[in-house]
Amino acid sequence: MNKKIVTRITIVSFIVGLMIAVQYNTVQNPTTRDTRDIWAIRQELSEEKKRHSELLSEIGTYNDLIKEYENNEKEQQANLLENTVEELNEQVGLTSVTGPGVILKISPALELINSGYSVENISPDLLIRLVNEIYHYNGLYVEIDGQRLTHTSAIRDINGETTVNSVPIRNTNVEIKVITDSYEKAEKLYGYLFASTFKDDFYLDNLNLSISKAQSEITIAPYDGKLPNQYLVEDNKGE
Amino acid sequence: MWLPLLGLILGLGLGLLTDIQIPTVYENYLSIAVLAALDTIFGGIRANLQQVYDDKVFLSGFFFNIALAAGLAFLGVHLGVDLYLAAIFAFGVRLFQNIAVIRRILITKWEERHIKKDENTV
């Protein structure tokens, strides 16, 4: 092949390669325009900051724990471990807890019942939403109708009955106890729940939701079931 | 023969590494331009193998085809007719034809070489 021709074709193929690469780039990662304004960015930043400080304090606690483990004598280490186990039990919900919090009461709306409406079950969807909001607004421990909520608790409909931890809610008056970190947080939670649409949502189901003011001492019973631990098990199928 | 391939790889690498992007609006034009350019390259290779290669035809074809294709697409967008399909069809058909001709020429060459080799050994 003529040298000149080869150079020409090479240059053109270089351009073609460049074009294909640019096209590939454009198709694969389309540029998404950032449409947030300063305010939105500030809000996101403040959220991240909050998370940052939370994580830092968490790291601090664990560092302290590690130091304690390292510094103490063997006997004390056993004590420390016991303390940790107790703490974990408390977190999981195996011990009864006392603390500041809020009590919610769900009862049939009498004026509706008197005028002929039927008493309806509390819908599990609404209850789940309520619990999610409670956790979102710093609720630490929750008990619904005497049932302590744990990380594996299920609120669901079984044969037309709303159940918590697989125990149906039979009472027409249901009490929900919520414990928070501090009295201030309980007050905040009360304020939030009071201002939310939950009252109206429950009223749609002919139910009244009453929220008591923040209390300084509420006791929640431990979870009475067993929490199964599922460890990794070897699977011998392939042999 | 390897130099054009090297150029192609070099261009691809450069484009991918620099992460250049064009606005999504012009994506269609670029895709047609790529097709036109590919058609020109294969046309050039074919012409070269058939010994009818002409510098002017090759280079003018490269730029003119790209401009025409992009222009057709542009016109199509503004008229509401998908004219770029015409360009894709034309270039697609030509691409296949050119590659088929190149393949045939290469096969013939290879066979000739084979026969020569056989004659030499006999």
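**Exercise 1. Find how α2(B) and α3(B) pack in this predicted model.**

Solution. 
- Step 1. Start with the axes. Those of α2(B) and α3(B) approach within 8 Å, and they cross at roughly 155°.
- Step 2. Angles over 145 degrees count as roughly antiparallel. The helices α2(B) and α3(B) are therefore roughly antiparallel to each other.
- Step 3. α2(B) passes α3(B) in a right-handed crossing.
- Step 4. List who touches. The α2(B) side of the contact includes N28(B), Y29(B), I32(B) and D39(B). On the α3(B) side, F58(B), F62(B), N65(B) and I66(B) are among them.
- Step 5. Sort by class. The contact of α2(B) with α3(B) has twelve nonpolar, six polar and one charged residues.

**Exercise 2. Place Q51(B) in chain B and describe its backbone and its exposure.**

Solution. 
- Step 1. Locate the residue. Q51(B) sits in the loop between α2 and α3 of chain B.
- Step 2. Check phi. Most residues other than glycine have a negative phi. For Q51(B), phi is near 60°, a positive value in a residue other than glycine.
- Step 3. Count neighbours. Q51(B) has 6 other C-beta atoms within 10 Å. The cut-off for exposed is 12 or fewer, so Q51(B) is exposed.

**Exercise 3. Summarise the fold of chain B.**

Solution. 
- Step 1. Count elements. Chain B has four helices and zero strands.
- Step 2. Write the order. Along the sequence, the pattern is α-α-α-α.
- Step 3. Look at burial. Chain B has 122 residues, and 25% of them count as buried.
- Step 4. Look at contact range. Take the contacts in chain B between residues at least 6 apart in sequence: 68% of these join residues at least 24 apart.

**Exercise 4. Describe the side of chain B that touches chain A.**

Solution. 
- Step 1. Count both sides. Chain B brings 34 residues into contact with 24 residues of chain A.
- Step 2. α1 (2-18), α2 (27-49) and α3 (55-79) of chain B each supply at least two.
- Step 3. Pick out the main contributor. α2(B) gives the largest share of this side, twelve residues.
- Step 4. Classify. The residues on this side of chain B divide into 22 nonpolar, nine polar and three charged.

**Exercise 5. Work out how α1(A) is set against α1(B).**

Solution. 
- Step 1. Take distance and angle. The axes of α1 (residues 3-28) of chain A and α1(B) come within 7 Å, crossing at roughly 30°.
- Step 2. Name the arrangement. Angles under 35 degrees count as roughly parallel. That makes α1(A) roughly parallel to α1(B).
- Step 3. The crossing of α1(A) and α1(B) is right-handed.
- Step 4. The contact of α1(A) with α1(B) has 18 nonpolar, seven polar and no charged residues.

**Exercise 6. Decide which loop residue is buried and which is exposed: D145(A) or N173(A).**

Solution. 
- Step 1. Locate both. D145(A) is in the loop between β2 (139-144) and β3 (147-148) of chain A. N173(A) is in the loop between β6 (167-168) and β7 (174-180) of chain A.
- Step 2. Apply the cut-offs. Buried needs 20 or more other C-beta atoms within 10 Å. D145(A) has 20, so D145(A) is buried. N173(A) has 11 C-beta neighbours inside 10 Å and counts as exposed.
- Step 3. Check the backbone of D145(A). Phi is near 50°, a positive value in a residue other than glycine.
- Step 4. Trace the contacts of N173(A). Beyond neighbours within four places in sequence, N173(A) is in contact with K105(A) and S107(A).

Conventions
Residues are numbered from 1 along each chain as its sequence is written. Chains are lettered from A and ligands numbered from 1 in the order in which they are written. This is a predicted model: local features need pLDDT of at least 70, side-chain atom pairs count only at pLDDT 80 or more; totals for chains, interfaces and linings use all residues. Two residues are in contact if their C-beta atoms, placed from the backbone, lie within 7 Å. Ala, Val, Leu, Ile, Met, Phe, Trp, Tyr, Cys and Pro count as nonpolar, Asp, Glu, Lys and Arg as charged, and the others, Gly among them, as polar. Axes are lines fitted to C-alpha atoms, for helices over the stretch in contact, and angles run from 0 to 180 degrees between N-to-C directions. Angles under 35 degrees count as roughly parallel, over 145 as roughly antiparallel, 65 to 115 as roughly perpendicular and the rest as oblique. A crossing is left-handed if the near helix is turned anticlockwise from the far one by less than a right angle, and right-handed if clockwise.
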